[in-house]
Amino acid sequence: MKNTEIIAAEAVAHGLYSQEQADRILKNGGQLEIFTVRVWQKKGYRIRKGEHARIVTDLWEMVKQSPSVDVKEGEIPSENRTTKFVLKKSYLFTADRVVPIEEEVEHGNYTVPHGTGQAV
């Protein structure tokens, strides 16, 4: 199974979508609004404080493996690296559990624009 199929099956099993809804979205080239933290961050969102994943499941992740490093050379030629896929536990969040990264975060009596570390 591909990751998209795993996510769709889990979303249906958890009652987030009906099978027909999931099939229709995927058939039209869309994606279900269920992503990992890394994907939400790339889309410009962060997980709200205190939120938990809606789905915890195993997804395929690409891992590059290198043979042992030749100490004299210190470099591993790229042609000697191998790539494989392994199942890794993944935490999936829905859109109702994220907020835009640009949103200001309240800190006591002052606000800090997210990512700046400077009080305003």
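Two aromatic pairs were counted (rings of Phe, Tyr and Trp, the last by its six-membered ring, with centres within 6.5 Å; planes under 30 degrees apart are stacked, over 60 edge-to-face, the rest tilted). The rings of Phe-35 and Trp-40 lie 5.0 Å apart at their centres with planes at 85°, so this pair is edge-to-face. Trp-40 and Tyr-45 are also paired edge-to-face, at 5.5 Å centre to centre and 80° between the planes. Phe-35, Trp-40 and Tyr-45 form one aromatic cluster.

The model is predicted: local features need pLDDT of at least 70, side-chain atom pairs count only at pLDDT 80 or more, and totals for chains, interfaces and linings use all residues. Residues are numbered from 1 along each chain as its sequence is written, and side-chain values use heavy atoms, leaving out hydrogens and water.

Phe-35 is buried at 9% relative accessible area (buried is under 20%, exposed over 50%, partly exposed in between; 1.4 Å probe, protein chains only). Trp-40 is buried at 3%. Tyr-45 is partly exposed at 30%. Lys-43 lies over the face of Phe-35, 4.8 Å from the ring centre (NZ of Lys or CZ of Arg within 6 Å of the centre and within 35 degrees of the ring normal).

Strand 1 pairs with strand 4 in the antiparallel sense over three bridges (pairing takes at least two DSSP bridges; strands are DSSP E runs of at least two residues, numbered from the N terminus). Thr-36 has Leu-92 of strand 4 as its bridge partner. Strands 3 and 4 run antiparallel, joined by eleven bridges. Val-63 stands opposite Lys-84 in strand 4.

Terms used: Helices (H or I, at least four residues) and strands (E, at least two) are DSSP runs, numbered from the N terminus.
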